[in-house]
Amino acid sequence: MMKRTLIITGIIVVVAIIVLIVISKVTSKKDVANLYAESEKGQFDIVVTTTGELQAKKSTDIFGPEFTQSRGIRAMDIKITDIVPEGTEVKGGDYVATLDRTAFDNSLKDELERLTTYETNLEMKILDTAVTLSNLRDNIKNLGFSVEEAAITLQQSKYEPPTTIRQAEISLDKANRTLDQSKRGYSLRVEQAKSDMRTNKTNLAEQRTRVGDIQTVLSKFIITAPSSGMIIYKRDRMGAKRKLGSSISPWDNVVATLPDMSSMMSKTYVNEIDVSKVKTGQHVEILVDAFPEKSYTGTVTTVANIGEQLPNADAKVFEVLIEVDGSDPILRPSMTTGNKIITKTIDNVTFIPLESVQAGSDSIPYVYMKNGTRQVVVLGESNENNVVIEQGLQPGTQIYINTPAKAENFKLVGEELVSVIKDRAKAKKAEEMRLRQEAEKVKVEGGGMPGRPGMNITPEMMQRFQSRRDNQQGGQNGAPRDSAAMKRMMKMRNNQQGGVRDTSARQRRRQSGQKGTGQKSQVATPASVNK
């Protein structure tokens, strides 16, 4: 019994030792795999990575009331008091949203009261005019009788003394004149009454139109779908969705949209540093956060020419639209996408991970090799993970990913490449200096900063200058920008301007001296100042 127990215990110990040996070997292999990387040769993609949002390429807007066609309605923002949930499937004519009617109901009440006042005023004007003109006609008729009486009196006074005859003639003349004046006054009152009636009728018609416009607008405060589709909330210029409690403006009265799901695109924004690399027609690899197991492809269709400042962002960004190839019914608007825009593809080059490249105080790049040496390398293009090695490494070479232990014992090799790196750095600085001088020259000739009116600088020149300036900060040499030439140029310009100002001042003093007391004006010279 004791012997059997010892045998079983021995077997267990042996098995445990074997398991520990296997685990240690596996762990050591993993450690080795994590410690080293191998230089690879093949296709190298330079990408710009962005985050975007899916939206339909084509969509039908659902509009609120239209104010711009009604001059009598005061334009104002209108709050959304009710709206169906986003993603609701609707058919043409189905209910979508309701807008706040409070302000417009009050306006309609005021305008209806004003309409009643206009109608009453018109009726009163008609009655007053009829009474006034009737009185004037009666007065003209009575004046006609007065003329006849005066004529009879004149006829009967032919045997009277001359003075009596003359008085009768004067009375007849006065009666005729009064009659003529009354007729002319009646004609004027008729024209005046017609003008007043036209004015009142015009005001009444305009008021009726105003009331009708408000009623028409109010009838559109209950919004329905123009066609079938899925409701997607509209985003305002700040990027916020218009939902319950949001407002629409008279100049942007879209409440929601009905997207065409058969054709989707990703709307994204690219930083101003990388936008010069992005061009229309470039290939894009797209991942949708909601479906990480699926991948899509697309093409850059639009790159904005003008940058914009997004909320809670410091840098300027440029809008980029990417059309998704094909169609997938599971894709929905507003889904978040990860976009890899392939800006450049280099074939048949050697590349290694970025973290494996080291640099000393002299900014000369090198890598630690598995054979115990420290190899100087000439770097080329890079992306977010890897960098191209133009000289210094062969494909399949084992290198350390991080700085190894006892790194000081690694012998430096490839020192002949240091001159190549320095020559490239000098050429790069010379090109940057040339671009700065071109920019300063254009600035002086145009009388302002590059890009302002009067400049002859081309967009290509500005893009090259900006690209060089940005790349200098992250280059392999890491040297700070040499601005000595620009400082000397500015100092020289200031001295020249100061000399012009001194000359002008001397001329003014000389002229004032000649026009004044006749004495010679004294010019402050260095010698006189020292005295």
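Where does Lys406 lie? The answer is the loop between β22 and β23, in what is a predicted model, where local features need pLDDT of at least 70, side-chain atom pairs count only at pLDDT 80 or more, and totals for chains, interfaces and linings use all residues. Residues are numbered from 1 along each chain as its sequence is written, and side-chain values use heavy atoms, with hydrogens and water left out.

On the whole-protein view, the secondary structure comes to seven helices and 23 strands; helices (H or I, at least four residues) and strands (E, at least two) are DSSP runs, numbered from the N terminus. Buried residues make up 31% of the 531 residues. Here buried means under 20% relative accessible area, exposed means over 50%, and partly exposed is in between (1.4 Å probe, protein chains only). Among contacts with a separation of 6 or more, 75% come from residues 24 or more positions apart, a contact being heavy atoms within 4.5 Å.

Lys406 is exposed, with a relative accessible area of 60%, and has a positive phi of about 55° despite not being a glycine. Asn402 also sits in the loop between β22 and β23, and at a relative accessible area of 47% Asn402 is partly exposed. Asn402 and Ser356 are 46 residues apart in sequence, yet their C-alpha atoms are 5.6 Å apart in space. Gln358, in strand β17 (residues 358–359), touches Asn402 as well; leaving out residues up to four places away in sequence, its other partners are Ile364, Pro365, Tyr366, Tyr368, Ile401 and Thr403. Gln358 itself is buried, with a relative accessible area of 16%. Another positive phi in a residue other than glycine turns up at Ser334, near 75°. Ser334 belongs to the loop between β15 (317–324) and β16 (336–353) and counts as partly exposed at 24% relative accessibility.

Now for the aromatics. A pair of aromatic rings is described by the distance of the centres and the angle of the planes. Rings of Phe, Tyr and Trp (its six-membered ring) pair if their centres lie within 6.5 Å; planes under 30 degrees apart count as stacked, over 60 as edge-to-face and the rest as tilted. By this rule there are six aromatic pairs. One of them is Phe104 with Phe221: the centres are 5.3 Å apart and the planes at 70°, so the pair is edge-to-face. Phe104 lies in helix α2 (residues 102–156) and Phe221 in the loop between α3 (162–218) and β7 (222–224), so this pair ties together parts 117 residues apart in sequence. Both Phe104 and Phe221 are buried. Tyr368 and Phe410 are likewise edge-to-face, because their ring centres are 5.4 Å apart and their planes at 85°. This pair links distant parts of the chain, with Tyr368 in strand β18 (residues 365–368) and Phe410 in the loop between β22 (398–400) and β23 (411–413), 42 residues apart. Tyr368 is buried at a relative accessible area of 7%, and Phe410 counts as buried at 11%.

Tyr368 and Phe410 belong to one aromatic cluster together with Tyr36, Tyr366 and Tyr400. The charged end of Lys370 sits over the ring of Tyr36, 5.0 Å from its centre, and the charged end of Arg374 sits over the ring of Tyr366, 4.8 Å from its centre. The rule here is NZ of Lys or CZ of Arg within 6 Å of the ring centre and within 35 degrees of the ring normal.

Elsewhere, Ile248 lies in strand β10 (residues 247–248) and counts as buried at 1% relative accessibility. Ile248 and Gly64 are 184 residues apart in sequence and 8.0 Å apart in space, C-alpha to C-alpha. Setting aside neighbours within four places in sequence, the contacts of Ile248 include Gly64, Pro65, Met76, Leu99, Arg242 and Val255.
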